[in-house]
Amino acid sequence: MAVTGMFYSFLYVSDFERSKKFYGETLGWKLGTDEADVAGFHFGDAYLIIHRDNRPEGERAYGGGVYLATKSDDVQGDHAALKERGVKVGEILKQHWGEHQFYFDDPDGYHWSVGQHVGPS
């Protein structure tokens, strides 16, 4: 296999406009793709696509089974900025493998981590 990285992440969302506002305005990620049912956001060297969920009500499920980890050059600053913008963030954890990280959930319950490698503890 000659995989070299992640092309993009794709999430179905329950309220497209709410999620578009969360990722674009609250998190401050740059809107790239902007279509009726699809929006894409640049953040660092990554790309996130959200899609309006048009499946029947009983077939919808959000948040569970997905964990998205991002990297940061300033985990303290990102933590403070998101907290200031009203995002419920967890405390910064100092992991024994040398990462400082915190967690937050998007409006659909998708679980995100923001981490910074700081070296061995």
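1. Which strands form a hairpin with 5 residues between them, and which glycine in the turn has a positive phi? The strands are β7 and β8, and the glycine is glycine 109, with a phi of about 90°. Strands here are DSSP runs of E with at least two residues, helices are runs of H or I with at least four residues, and both are numbered from the N terminus.

2. Before going further, please keep in mind that this is a predicted model: local features need pLDDT of at least 70, side-chain atom pairs count only at pLDDT 80 or more, and totals for chains, interfaces and linings use all residues. Residues are numbered from 1 along each chain as its sequence is written, and side-chain values use heavy atoms, with hydrogens and water left out.

3. Now to the sheet around that hairpin. An open sheet of 4 strands runs in the order β5-β8-β7-β6, with mixed pairing; two strands pair if DSSP finds at least two bridges between them. At its edges are β5 and β6 (93-94), each of which pairs on one side only.

4. β7 and β8 run antiparallel and are joined by 7 bridges; histidine 100 stands opposite glutamine 116 in β8, and aspartate 105 has histidine 111 of β8 as its bridge partner. β5 and β8, in contrast, run parallel with 5 bridges, and lysine 71 is partnered by glycine 115 in β8.

5. Is β8 mostly covered or uncovered? It is mostly covered, as 5 of its 7 residues are buried, where buried means under 20% relative accessible area, exposed over 50%, and partly exposed in between (1.4 Å probe, protein chains only). Leaving aside residues up to four places away in sequence, serine 113 touches Tyr67, Leu68, Ala69, Thr70, Glu99, Gln101, Phe102 and Tyr103; contact means heavy atoms within 4.5 Å.

6. Helix α2 (75-84) has Val75, His79 and Leu82 as its buried residues. Seen down the helix axis, these fall within an arc of 75°, so they line one face of α2; the arc is that of the directions from the axis to the C-beta atoms. The background is simple: an α-helix has 3.6 residues a turn, so residues three or four places apart point the same way. The buried residues of α2 pack against α1 (16-26), β7 (99-105) and β8. After α2 comes glycine 86, with a positive phi near 90°.

7. β1 (residues 9-13) has Ser9, Leu11 and Val13 on a covered face, with Phe10 and Tyr12 on an uncovered one. β1 runs parallel to β4 (residues 46-52), joined by 5 bridges, and tyrosine 12 has histidine 51 of β4 as its bridge partner.

8. Finally, the largest pocket has a volume of about 680 Å³. Its lining has 25 residues, with Trp29, Phe43, Ala46, Thr70 and Lys71 nearest the centre. Two or more lining residues come from each of β4, β5 (67-71), α2 and β8 (111-117), with β5 giving the largest share, 4 residues. A pocket is an open set of points on a 1 Å grid over the protein atoms alone, where a 1.4 Å probe fits, with protein on both sides within 12 Å along at least five of seven lines; lining residues have an atom within 4 Å of a point. Points are joined across faces, edges and corners, and the volume is the space filled by probe spheres set on them.
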